[in-house]
Amino acid sequence: MEPNVKVVKKELLVKDKYTSYHQYHYIDLLTKEEKVCEVIGREVSGDPKGSIIIPVCKSQKLGGAHVILIVSYRIPVESWVLEFPAGNNDSEDVVECAIRELKEETGYTGKVRGKEKFGVFTDPWKSNEDTAFVVIDVDLDSELNVKPIQNLEADENIQVIILPLKTLKKEILKLVEDKHLRVCWNIWLFAEGLEMGEAVSYTHLTLPTNREV
(Lines give C-alpha, C1' and ligand atoms only; values in the text may rest on other atoms or scores of the structure.)
Protein backbone atom coordinates (compact mmCIF):
# COMPACT_ATOMS: atom_id res chain seq x y z
CA MET A 1 0.00 0.00 0.00
CA GLU A 2 1.24 3.45 -0.90
CA PRO A 3 1.35 6.00 1.97
CA ASN A 4 -0.81 9.08 1.70
CA VAL A 5 1.73 11.19 3.61
CA LYS A 6 5.40 12.06 3.21
CA VAL A 7 7.65 12.77 6.19
CA VAL A 8 9.93 15.69 5.36
CA LYS A 9 11.61 16.41 8.69
CA LYS A 10 12.21 14.66 12.01
CA GLU A 11 12.88 17.08 14.84
CA LEU A 12 14.29 15.75 18.12
CA LEU A 13 13.08 17.85 21.05
CA VAL A 14 13.95 15.76 24.12
CA LYS A 15 16.13 12.70 24.60
CA ASP A 16 16.46 10.83 27.88
CA LYS A 17 17.76 7.45 29.04
CA TYR A 18 14.88 5.31 27.75
CA THR A 19 12.64 7.60 25.72
CA SER A 20 12.78 10.53 23.34
CA TYR A 21 10.27 13.04 22.07
CA HIS A 22 10.14 14.05 18.41
CA GLN A 23 8.02 16.08 16.07
CA TYR A 24 7.65 14.53 12.62
CA HIS A 25 6.81 17.14 10.01
CA TYR A 26 4.93 15.62 7.09
CA ILE A 27 2.92 16.56 4.02
CA ASP A 28 -0.58 15.24 3.50
CA LEU A 29 -0.38 14.13 -0.15
CA LEU A 30 -4.13 14.48 -0.59
CA THR A 31 -4.51 18.06 0.67
CA LYS A 32 -0.87 19.17 0.20
CA GLU A 33 -0.94 20.55 3.74
CA GLU A 34 2.09 20.35 6.03
CA LYS A 35 1.29 18.86 9.42
CA VAL A 36 3.06 17.71 12.57
CA CYS A 37 2.90 14.36 14.37
CA GLU A 38 4.13 13.98 17.96
CA VAL A 39 6.23 10.83 18.33
CA ILE A 40 7.59 9.13 21.45
CA GLY A 41 10.71 7.13 20.63
CA ARG A 42 12.11 4.19 22.55
CA GLU A 43 15.85 4.63 23.06
CA VAL A 44 16.78 0.96 22.81
CA SER A 45 19.10 -0.45 20.16
CA GLY A 46 17.45 -3.85 19.71
CA ASP A 47 15.17 -4.80 16.85
CA PRO A 48 12.54 -5.47 18.07
CA LYS A 49 13.09 -3.16 21.02
CA GLY A 50 11.85 -5.58 23.65
CA SER A 51 10.46 -8.98 24.58
CA ILE A 52 7.15 -9.82 26.22
CA ILE A 53 7.10 -13.27 27.78
CA ILE A 54 4.09 -15.56 28.04
CA PRO A 55 5.24 -18.11 30.64
CA VAL A 56 2.90 -21.10 30.55
CA CYS A 57 3.50 -23.35 33.53
CA LYS A 58 2.45 -26.72 34.87
CA SER A 59 2.85 -28.68 38.07
CA GLN A 60 1.31 -31.72 39.71
CA LYS A 61 0.14 -29.56 42.60
CA LEU A 62 -1.61 -26.92 40.50
CA GLY A 63 -3.11 -29.18 37.86
CA GLY A 64 -3.99 -27.76 34.47
CA ALA A 65 -2.15 -25.05 32.57
CA HIS A 66 -1.36 -21.79 34.36
CA VAL A 67 0.39 -18.56 33.42
CA ILE A 68 3.01 -16.67 35.42
CA LEU A 69 2.28 -12.94 35.64
CA ILE A 70 3.81 -10.04 37.50
CA VAL A 71 2.37 -7.11 39.42
CA SER A 72 4.49 -3.97 39.15
CA TYR A 73 3.91 -0.44 40.39
CA ARG A 74 3.81 1.88 37.38
CA ILE A 75 4.42 5.55 38.11
CA PRO A 76 2.73 6.96 34.95
CA VAL A 77 -0.61 5.48 36.05
CA GLU A 78 0.15 5.61 39.80
CA SER A 79 -1.12 2.09 40.28
CA TRP A 80 -0.12 -1.54 40.60
CA VAL A 81 -0.45 -3.10 37.15
CA LEU A 82 -0.92 -6.75 36.19
CA GLU A 83 1.48 -7.56 33.34
CA PHE A 84 3.39 -10.22 31.49
CA PRO A 85 7.10 -10.34 32.36
CA ALA A 86 8.94 -8.19 29.83
CA GLY A 87 12.08 -6.20 29.21
CA ASN A 88 14.18 -4.06 26.92
CA ASN A 89 16.28 -5.64 24.21
CA ASP A 90 19.51 -3.70 24.03
CA SER A 91 22.11 -5.97 22.51
CA GLU A 92 20.67 -9.50 22.59
CA ASP A 93 18.40 -11.76 20.65
CA VAL A 94 14.74 -11.51 21.66
CA VAL A 95 14.86 -15.10 23.00
CA GLU A 96 17.93 -14.36 25.12
CA CYS A 97 16.21 -11.23 26.38
CA ALA A 98 13.05 -13.20 27.25
CA ILE A 99 14.90 -15.93 29.15
CA ARG A 100 16.92 -13.37 31.11
CA GLU A 101 13.95 -11.17 31.97
CA LEU A 102 11.82 -14.12 33.06
CA LYS A 103 14.55 -15.23 35.44
CA GLU A 104 15.21 -11.73 36.77
CA GLU A 105 11.58 -10.72 37.30
CA THR A 106 10.08 -14.02 38.47
CA GLY A 107 12.97 -16.30 39.42
CA TYR A 108 11.69 -19.03 37.10
CA THR A 109 13.51 -20.84 34.33
CA GLY A 110 11.90 -22.49 31.32
CA LYS A 111 12.21 -23.66 27.73
CA VAL A 112 11.25 -21.51 24.78
CA ARG A 113 8.31 -22.93 22.88
CA GLY A 114 8.15 -20.29 20.18
CA LYS A 115 8.46 -16.63 19.26
CA GLU A 116 6.98 -14.24 16.76
CA LYS A 117 9.00 -13.75 13.58
CA PHE A 118 8.50 -10.01 13.76
CA GLY A 119 7.94 -7.28 16.30
CA VAL A 120 4.47 -5.90 16.91
CA PHE A 121 3.86 -2.24 17.66
CA THR A 122 2.37 -1.46 21.05
CA ASP A 123 0.85 1.94 20.25
CA PRO A 124 1.87 3.05 16.73
CA TRP A 125 -0.33 6.14 16.80
CA LYS A 126 2.21 7.86 19.05
CA SER A 127 5.31 5.64 19.33
CA ASN A 128 7.76 3.58 17.28
CA GLU A 129 8.17 1.02 20.08
CA ASP A 130 7.85 -2.59 18.98
CA THR A 131 8.21 -5.85 20.87
CA ALA A 132 8.29 -9.59 20.26
CA PHE A 133 6.15 -12.14 22.09
CA VAL A 134 8.01 -15.21 23.34
CA VAL A 135 6.22 -18.25 24.78
CA ILE A 136 8.18 -20.11 27.46
CA ASP A 137 7.14 -23.39 29.09
CA VAL A 138 7.93 -23.51 32.79
CA ASP A 139 7.96 -26.78 34.74
CA LEU A 140 7.24 -25.81 38.34
CA ASP A 141 8.17 -29.31 39.50
CA SER A 142 11.71 -28.91 38.17
CA GLU A 143 14.47 -28.54 40.75
CA LEU A 144 15.38 -25.25 39.07
CA ASN A 145 12.00 -23.80 39.98
CA VAL A 146 11.36 -25.18 43.46
CA LYS A 147 12.65 -22.03 45.17
CA PRO A 148 12.59 -19.21 42.61
CA ILE A 149 14.67 -16.18 43.50
CA GLN A 150 14.16 -12.85 41.73
CA ASN A 151 17.08 -10.70 40.68
CA LEU A 152 15.50 -7.26 40.55
CA GLU A 153 17.08 -3.89 39.91
CA ALA A 154 17.21 -1.44 42.80
CA ASP A 155 14.18 0.55 41.61
CA GLU A 156 12.03 -2.48 40.76
CA ASN A 157 9.24 -3.74 42.99
CA ILE A 158 7.68 -6.79 41.35
CA GLN A 159 5.36 -9.41 42.77
CA VAL A 160 4.76 -12.75 41.07
CA ILE A 161 1.32 -14.25 40.62
CA ILE A 162 0.27 -17.53 38.98
CA LEU A 163 -3.23 -17.82 37.51
CA PRO A 164 -5.09 -20.66 35.75
CA LEU A 165 -5.52 -20.24 32.01
CA LYS A 166 -8.98 -21.79 31.98
CA THR A 167 -10.49 -19.06 34.17
CA LEU A 168 -7.97 -16.30 33.51
CA LYS A 169 -10.46 -13.55 32.68
CA LYS A 170 -12.50 -14.32 35.80
CA GLU A 171 -9.36 -14.27 37.95
CA ILE A 172 -8.27 -10.93 36.49
CA LEU A 173 -11.66 -9.36 37.20
CA LYS A 174 -11.44 -10.60 40.78
CA LEU A 175 -8.00 -9.03 41.22
CA VAL A 176 -9.28 -5.74 39.79
CA GLU A 177 -12.19 -5.75 42.24
CA ASP A 178 -10.42 -7.07 45.34
CA LYS A 179 -6.90 -5.65 44.93
CA HIS A 180 -7.72 -2.62 42.76
CA LEU A 181 -5.12 -3.63 40.21
CA ARG A 182 -4.90 -2.07 36.78
CA VAL A 183 -4.42 -4.36 33.80
CA CYS A 184 -1.97 -4.12 30.91
CA TRP A 185 -3.73 -4.28 27.54
CA ASN A 186 -1.95 -7.40 26.27
CA ILE A 187 -3.01 -9.53 29.25
CA TRP A 188 -6.64 -8.53 28.85
CA LEU A 189 -6.50 -9.27 25.13
CA PHE A 190 -4.89 -12.64 25.92
CA ALA A 191 -7.64 -13.47 28.42
CA GLU A 192 -10.37 -12.41 25.98
CA GLY A 193 -8.79 -14.61 23.30
CA LEU A 194 -8.72 -17.62 25.62
CA GLU A 195 -12.37 -17.11 26.52
CA MET A 196 -13.36 -16.63 22.90
CA GLY A 197 -11.48 -19.75 21.86
CA GLU A 198 -13.25 -21.70 24.58
CA ALA A 199 -16.64 -20.40 23.51
CA VAL A 200 -16.32 -20.88 19.77
CA SER A 201 -17.21 -24.36 18.59
CA TYR A 202 -16.44 -25.59 15.10
CA THR A 203 -18.52 -28.75 15.39
CA HIS A 204 -21.47 -27.01 13.74
CA LEU A 205 -19.51 -25.97 10.67
CA THR A 206 -19.89 -28.19 7.63
CA LEU A 207 -18.25 -27.87 4.27
CA PRO A 208 -20.53 -27.81 1.24
CA THR A 209 -20.45 -30.88 -0.97
CA ASN A 210 -20.80 -31.05 -4.75
CA ARG A 211 -20.28 -27.31 -4.92
CA GLU A 212 -20.28 -25.88 -8.41
CA VAL A 213 -17.16 -23.97 -9.35
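How many residues does helix 1 have, and how far does helix 1 reach from its first C-alpha to its last? Helix 1 (residues 94-106) has 13 residues and spans 18 Å between those two atoms, close to the 18 Å expected at 1.5 Å a residue; the expected span is 1.5 Å times one less than the number of residues. Helices (H or I, at least four residues) and strands (E, at least two) are DSSP runs, numbered from the N terminus.

The model described here is predicted, so local features need pLDDT of at least 70 and side-chain atom pairs count only at pLDDT 80 or more, while totals for chains, interfaces and linings use all residues. Residues are numbered from 1 along each chain as its sequence is written, and side-chain values use heavy atoms, with hydrogens and water left out.

After the helix comes glycine 107, whose phi is positive, near 90°. The buried residues of helix 1 are Val94, Val95, Cys97, Ala98, Glu101, Leu102, Glu104, Glu105 and Thr106. Here, buried means under 20% relative accessible area, exposed means over 50%, and partly exposed lies in between (1.4 Å probe, protein chains only). The cover over these residues includes strand 4, strand 5, strand 7 (86-88), strand 8 (111-115), strand 10 (130-139) and strand 11.

Strand 4 belongs to this covering group, and eight of its nine residues are buried, so strand 4 is largely enclosed by the rest of the structure. Its pairings can be followed one at a time; two strands pair if DSSP finds at least two bridges between them. With strand 7, strand 4 pairs in the antiparallel sense over three bridges, and glycine 50 stands opposite asparagine 88. With strand 10, the pairing is parallel and has eight bridges; isoleucine 54 has valine 135 as its bridge partner there. With strand 5, strand 4 pairs in the antiparallel sense over two bridges, and valine 56 is partnered by valine 67.

Strand 5 is also mostly covered, with seven of its nine residues buried. Seven bridges join strand 5 to strand 11 in an antiparallel arrangement, where serine 72 stands opposite isoleucine 158. Five bridges join strand 5 to strand 6 (residues 79-83), again running antiparallel, and valine 71 stands opposite leucine 82. Four residues lie between the strands in the hairpin of strand 5 and strand 6, and glutamate 78 takes a positive phi near 50° in that hairpin.

Which residues touch the most other members of the largest nonpolar core? Among its 18 residues, they are Leu69, Leu82, Phe84, Ile161 and Leu168. The elements giving two or more residues to this core are strand 4 (50-58), strand 5 (66-74), strand 11 (158-164), helix 2 (168-179) and helix 3 (185-199). Apart from this core lies another, of ten residues, including Cys57, Ile68, Tyr108 and Leu140. A nonpolar core is a set of buried Ala, Val, Leu, Ile, Met, Phe, Trp, Tyr and Cys residues joined through side-chain atoms within 4.5 Å. Not counting residues up to four places away in sequence, isoleucine 161 touches Val67, Ile68, Leu69, Ile70, Val71, Leu82 and Leu175; contact means heavy atoms within 4.5 Å.

Lysine 169, in helix 2, is buried, with a relative accessible area of 18%. Leaving out residues up to four places away in sequence, lysine 169 touches Trp188, Ala191, Glu192 and Glu195. Lysine 170, also found in helix 2, counts as exposed at 63% relative accessibility.

Nine bridges join strand 2 (residues 19-28) to strand 3, and glutamine 23 stands opposite glutamate 38. In strand 3, glutamate 34 is exposed, with a relative accessible area of 55%. The C-alpha atoms of glutamate 34 and lysine 170 are separated by 48 Å.
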